[in-house]
Amino acid sequence: MAYINLQNDLPGIRGPMAYSPETGKALNELAEILLHDENNTLTRGERELIGAYVSSENDCFFCQNVHGAMAQHYFKSDMQFIDNIKKDYHSTPISDKLKSLLTIAGSVQKGGKYVTTEQVEHAKSLGAADKEIHDTVLIAAAFCMFNRYVDGLNTWAPQDRQVYVERAKMRAEDGYANMNLKK
């Protein structure tokens, strides 16, 4: 049960967003730019994976499963593949560039000052552009905020992970900016 009366029974971040539509709109617009916008050299799947990974590191059940399901949809994989990445991305068959970006994202999750010159230079040596590093840091920082919003208000989350997988295709088609906060 949420710590405050959200005046709805929506799960995860959707509950507080519906409670405060002005902030919900702004947060969804940010998510749209960071995760769904086509004007990016990181794929939607890579960006969703960064969000899922940071959410996993923050132990936010709702966000890691929503965005993990989105990543698996875009990667055309199963959730076990995404779970393996969240658990130990160094040992998974993803690009070295993406691994280096996940390292940066993990540092941001701990605190911005944990990102090092060496991490950034390593990512660049693997082909990461400045914009990709910028977006990785911003996605990781935004997800720390999203995760704390969800868990700080003690919102509820469906425990059946298949619920998230089943919604992923619709969310991938619709994006975040025009998300209906009532359902």
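Biologist: Which cysteine sulfur is closest to the sulfur of Cys63?

Modeller: In this predicted model, that's the one in Cys60, 3.6 Å away.

Biologist: Okay, and is Cys60 buried or exposed?

Modeller: Cys60 is buried, at 0% relative accessibility. Cys63 is buried too, at 3%.

Biologist: New topic. How many residues are in the largest nonpolar core?

Modeller: It has 46 residues, and those with the most contacts inside it include Leu35, Phe62 and Ile133. Helices giving two or more residues to this core include α2, α6 and α8, and α8 gives the most, with eight.

Biologist: What does Ile133 touch, leaving out residues up to four places away in sequence?

Modeller: Leu101, Ile104, Val120, Ala123, Lys124 and Ala128.

Biologist: And salt bridges, how many?

Modeller: The count is eight. One of them pairs Asp83 with Arg161, at 2.7 Å from N to O. Asp83 sits in helix α5 and Arg161 in the loop between α8 and α9, 78 residues apart.

Biologist: Is Asp83 buried or exposed?

Modeller: Asp83 is buried, at 18% relative accessible area, while Arg161 is partly exposed at 28%.

Biologist: Which helices does the Glu132 and Lys97 pair link?

Modeller: Glu132 is in α8 and Lys97 is in α6. Their side chains meet in a salt bridge at 3.1 Å, N to O, and both residues are buried.

Methods: Residues numbered from 1 in each chain as written. Predicted model: local features only at pLDDT ≥ 70, side-chain atom pairs only at ≥ 80, totals over all residues. Heavy atoms only, no water. Buried < 20%, exposed > 50% of the residue type's maximum accessible area, 1.4 Å probe, protein only. Disulfide = S-S within 2.5 Å. Core = buried A, V, L, I, M, F, W, Y, C linked by side-chain atoms within 4.5 Å. Helix = DSSP H or I, 4+ residues; strand = E, 2+ residues; numbered from the N terminus. Contact = heavy atoms within 4.5 Å. Salt bridge = Lys/Arg side-chain N within 4 Å of Asp/Glu carboxyl O.
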